[in-house]
Amino acid sequence: MQLNTFKPTLEYAKQLDQEDSLSSFRDEFYLKPDSIYMDGNSLGLLSKRAERRLIEVLNDWKEQGIDGWTQGKHPWFSLSEKLGEMSAPLVGASSEEVIVTGSTTVNLHQLVATFYNPKGTRTKILADELTFPSDIYALQSQLRTHGYNPDTHLIRVKSRDGRFLEEDDIIEAMTDEIALIILPTVLYRSGQILDMERLTAEAHKRGILIGFDGCHSIGAIPHSFSKWDVDFAYWCNYKHLNGGPGCVGGLYVNKKHFGTAPGLAGWFSSKKEKQFDMEHTLTPADSAGAYQIGTPHVLSLAPLIGSLEIFTEAGIDNIRAKSLKINHYLMYLLEKELSDFNFTLGSPREDKKRGGHVSLEHKEAARICKALKENGIIPDFRAPNIIRLAPVSLYTSYTEVWEVVQTLKKIMNDKEYEKFKNEREVVA
């Protein structure tokens with residue numbers, strides 16, 4: 001798609017909205033009047049269907065009491081498995097390979113505890129210097145638990161420019177000292193998509209297991225984890241999947257690893273039909289369910305039922321197609337309207353390398369974000385100088401994107417940002 005096929009007029013933006021095959025899904029969401037939400041890559045908006053499913057689960061609790069575990073509209077005992085089945089098409093996996101459980105970091109701890117098996121010279125974990133900090137914290141913790149110094153045993157691939165990673169550099173770091181690789185599917189700052197298929201193949205050539213953090217890609221781009229032979233993955237469900245703050249996370253385990261004992265076993269690691277035998281010897285589930293730990297947080301699972309129903313109806317390929325088009329349109333307008341204001345595009349231009357958001361860099365980024373909020377636009381700031389803008393296929397209109405760029409141009413022309421301090425809030 002060429003940027004020069006667009007037009008910079010409001011009338012053209014409205015025309016794009018009329019042609020948008022996903023526009024009807026906008027009515028599914030609670031949109032605040034006089035506000036434009038561009039932060040769905042951090043926290044997706046509430047849908048009316050998610051709200052209804054939560055109320056239904058609350059009603060099951062009210063009406064059924066403890067029998068809600070096996071009765072009612074959404075039986076709780078199998079809800080994680082049901083949601084895993086609904087999530088599977090989004091990650092390109094079979095239903096038994098996916099479970100909705102835990103949180104991002106809890107699931108990472110579980111998967112590393114399960115698949116990090118240092119032997120001989122293979123004792124190190126390979127990550128990257130641009131990944132989200134919580135992943136690093138967990139990997140450092142796991143290394144310490146195994147008696148290794150994270151300063152020497154956690155290898156972080158360097159970025160050549162501070163924005164992107166080169167797959168060649170990652171592959172070069174896959175030495176015979178590496179026991180496990182953990183990488184993001186999409187870099188949270190720049191939105192770069194890593195070539196998961198290539199990296200998985202190269203890791204396996206060297207006898208290394210590889211897993212991916214899908215927090216910034218699930219619900220925004222299609223995946224083919226099973227086809228690519230990825231060993232495992234984990235993600236949150238509150239960003240692009242709109243599951244709500246604190247929503248339960250998800251994980252994928254390749255079926256070739258079924259039977260591998262969970263590193264962190266717990267009550268819900270059990271095979272369903274054996275769980276209430278109350279034996280002191282665990283019989284793990286013969287699916288990704290084995291890598292659950294504790295009782296599912298039912299009220300935090302409930303909104304995801306409604307959200308995943310919407311994704312099933314919309315289709316991830318359709319969502320990706322609109323995402324590419326609306327982000328192209330955003331980049332076109334940014335370059336057309338803001339060329340005089342020293343902004344730098346910090347995201348890849350190539351479709352296959354860019355996820356669901358656009359990063360705009362500016363030395364005054366923090367105070368520009370505050371000015372946008374004062375004007376009713378909700379962006380996302382990432383230190384030290386990044387404004388992340390995320391048009392979401394299910395509820396962002398092309399007209400809103402046009403309005404965002406016009407507002408940003410006004411802020412820069414009138415220097416509205418100068419009344420704010422150029423520092424982040426407690427929660428950026």
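Reader: Where in the fold does Ser159 lie?

Author: Ser159 is in the loop that joins β4 (154-157) to α7 (167-172). Helices (H or I, at least four residues) and strands (E, at least two) are DSSP runs numbered from the N terminus. A word on the basis of all this: the model is predicted, local features need pLDDT of at least 70, side-chain atom pairs count only at pLDDT 80 or more, and totals for chains, interfaces and linings use all residues. Residues are numbered from 1 along each chain as its sequence is written, and side-chain values use heavy atoms, with hydrogens and water left out.

Reader: Why is Ser159 called buried?

Author: Buried means under 20% relative accessible area, exposed means over 50%, and partly exposed is in between (1.4 Å probe, protein chains only). Ser159 has a relative accessible area of 12%, so the word buried applies.

Reader: What makes the approach of the Ser159 and Asp161 side chains a polar contact?

Author: A polar contact is a pair of N or O atoms within 3.5 Å; within protein, one must be able to donate a hydrogen and the other to accept it, and residues adjacent in sequence count only if both atoms are side-chain atoms. The two side chains make such a contact at 3.2 Å. Contact in the wider sense means heavy atoms within 4.5 Å. With neighbours within four places in sequence left aside, Ser159 is in contact with Glu129, Leu130, Phe164 and Leu165.

Reader: How do you know that the span of α14 agrees with its number of residues?

Author: The expected span is 1.5 Å times one less than the number of residues. For the 16 residues of α14 (398-413) that should give 22 Å, and the end C-alpha atoms are 23 Å apart, which agrees. The buried residues of α14 include Tyr398, Trp402, Leu408 and Met412, and their cover includes α1 (10-19), α12 (316-337) and β10 (358-361). Lys415, with a positive phi near 55°, follows α14.

Reader: Why are β2 and β4 said to stand at the edges of their sheet?

Author: The open sheet has 7 strands in the order β2-β8-β7-β6-β5-β3-β4, with mixed pairing. β2 (98-100) and β4 each have a single partner strand, so one side of each is left without a neighbour in the sheet. Neighbouring strands are turned by 20° against each other on average, direction ignored.

Reader: What makes β7 and β8 a pair?

Author: Two strands pair if DSSP finds at least two bridges between them. β7 (232-235) and β8 (250-253) have 4 bridges, in the antiparallel sense, with Phe232 opposite Val253. Helix α4 (104-115) packs on this sheet, touching β3, β5, β6, β7 and β8, and its direction makes about 165° with that of β7. Axes are lines fitted to C-alpha atoms, for helices over the stretch in contact, and angles run from 0 to 180 degrees between N-to-C directions.

Reader: Which strands pair with β10?

Author: β9 (344-345) is joined to β10 by 2 bridges and runs antiparallel to it, with Leu345 opposite Leu360. β13 (386-389) pairs with β10 over 4 bridges, also antiparallel, and Ile386 is the bridge partner of Glu361. Val358 and Leu360 point one way from β10, Ser359 and Glu361 the other, and all are buried.

Reader: Last one: why is the protein called as compact as a globular protein of its length?

Author: It has 14 helices and 13 strands. The radius of gyration is taken over C-alpha atoms, and the globule rule is 2.2 Å times the number of residues to the power 0.38. For 428 residues the rule gives 22 Å and the protein has 22 Å, so it is as compact as a globular protein of that length. Of those residues, 57% count as buried.
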